[in-house]
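Biologist: I'm new to this one. Can you put it on the screen and walk me through it?

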Amino acid sequence: MKQTLLASMIALSALAAPAFAAAPAGLDLVQPISDYKIYVTEEVGKLVSETQAFTDAVKAGDLATAKKLYAPTRVHYEAIEPIAELFSDLDASIDSRVDDHEQGVTAEDFTGFHRIEYGLFDQNTTKGYEGFADQLVKDVKDLQARIDGLTFPPEKVVGGAAALLEEVAATKVTGEEDRYSHTDLYDFQGNVDGARKIVDLFRPQIEKQDKAFVAKVDKNFATVETILAKYKTKDGGFETYDKVKERDRKAMIGPVNTLAEDLSTLRGKLGLN
């Protein structure tokens, strides 16, 4: 039964797999890719259920609850971004920023989490955002359905570890993503968790090639996670990013970049370049 499930997860499907589906992975990569799909499927399931609760609060006019649920709901999207971004139309609808739209916050196609974030945290209201809430739920359910039928491209999975950290260093550390709510540290944690999961799943294959490299990566992950831990709150969340001083923001860039540079070599080590 397990082997049948594994085969069904990895097998190419002309109906379900997008055009970017890669050639079958080597046999030693089949299991970690299968396990990663299980992880992503679980995360997108949490994303759907928590987005439903978040948008229900928006539609009910419960501003306090909507604000509270915004950041922890998005963490699940951040953790699986390498896969979610394969569907560019949904990524734009779910996670685009105001800078992506010429007309700014008034743009008709500015939707998703950040459009609602603007209403909740900048305008301090839920009124007028009911339609955006409905669209967001529809989009994350669509994402779930597409991921369910997706053949995971091995090079995208392995390369995703570096991509998650590169995004933190290149753009997120500036505070531009969650500019209204200042909940950026939740996003950082989601990206780090997603990258760590990829490394952990492929650990046996990587260690066959370079045990010293794995030890170095683990040490660099620990450094980044120690930095994030400084800003955790007693309830398990994070301080708002506007409380993080500029010099401390800049201090994050080095360790994150170092880790991203190491992870960028993973595809080569596993023969996926």
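Modeller: One term before we start: the bend at a residue is the angle between axes fitted to the seven residues ending there and the seven starting there. Helices (H or I, at least four residues) and strands (E, at least two) are DSSP runs, numbered from the N terminus. With that, α8 bends by about 40 degrees at G160.

Biologist: Before we go on, what kind of model is this?

Modeller: This is a predicted model; local features need pLDDT of at least 70, side-chain atom pairs count only at pLDDT 80 or more, and totals for chains, interfaces and linings use all residues. Residues are numbered from 1 along each chain as its sequence is written, and side-chain values use heavy atoms, with hydrogens and water left out.

Biologist: Back to α8. How far apart are its end C-alpha atoms?

Modeller: They are 24 Å apart. The expected span is 1.5 Å times one less than the number of residues. For the 17 residues of α8 (residues 154-170) that should be 24 Å, which agrees.

Biologist: How many of the residues in α8 are buried?

Modeller: Twelve of the 17, so α8 is largely enclosed by the rest of the structure. Buried means under 20% relative accessible area, exposed over 50%, partly exposed in between (1.4 Å probe, protein chains only). Among the buried ones are P154, G160, L164 and E167.

Biologist: What do they pack against?

Modeller: The buried residues of α8 pack against α2, α3, α4 (81-84), α9 (184-201), α12 (246-263) and α13 (266-269). Contact here means heavy atoms within 4.5 Å.

Biologist: New topic. How many residues are in the largest nonpolar core?

Modeller: That core has 80 residues. A nonpolar core is a set of buried Ala, Val, Leu, Ile, Met, Phe, Trp, Tyr and Cys residues joined through side-chain atoms within 4.5 Å. L143, F202 and L263 have the most contacts inside the largest one. Helix α2 (residues 27-59) gives the most to this core, with eleven residues.

Biologist: What does L143 touch?

Modeller: Leaving aside neighbours within four places in sequence, L143 is in contact with V44, L47, Y77, A84, F87, L90 and I94.

Biologist: Where is V44?

Modeller: V44 is in helix α2. V44 is buried, at 1% relative accessible area. Not counting residues up to four places away in sequence, V44 touches I80, L143, Q144 and I147. The C-alpha atoms of V44 and R74 are separated by 10 Å, and the two residues are 30 apart along the chain.

Biologist: Now charges. How many salt bridges are there?

Modeller: The count comes to 23. A salt bridge is a side-chain nitrogen of Lys or Arg within 4 Å of a carboxyl oxygen of Asp or Glu.

Biologist: Which side chain meets R74 at 2.6 Å, N to O?

Modeller: That is D95, and the two form a salt bridge. R74 lies in helix α3 and D95 in helix α5 (residues 88-95), so the pair ties together parts that are 21 residues apart in sequence. R74 is buried at 0% relative accessibility. D95 is buried too, at 8%.

Biologist: And how does D178 meet R74?

Modeller: Their side chains meet in a salt bridge, at 3.6 Å, N to O. D178 sits in the loop between α8 and α9 and R74 in helix α3, so this pair ties together parts 104 residues apart in sequence. D178 is buried, at 0% relative accessible area.

Biologist: What pairs with K172?

Modeller: K172 forms a salt bridge with E78, and the closest N and O atoms are 2.1 Å apart. The pair links distant parts of the chain: K172 is in the loop between α8 and α9, E78 in helix α3, 94 residues apart. K172 is buried at 1% relative accessibility, and E78 at 0%.

Biologist: What else is E78 in contact with?

Modeller: Leaving aside neighbours within four places in sequence, the contacts of E78 include D95, L164, E177 and N191.

Biologist: Which residues are linked in a network of salt bridges?

Modeller: R74, E78, E81, D95, R97, E167, K172, E176, E177, D178 and D187 are linked in one.

Biologist: Last one. What is the nearest side chain of opposite charge to D91?

Modeller: It is R74, 8.1 Å away. Lys and Arg count as positive and Asp and Glu as negative; His and the chain ends are not counted. D91 is found in helix α5, and is buried yet has no salt bridge. Leaving aside neighbours within four places in sequence, D91 is in contact with Y77, A84, E85 and S96.
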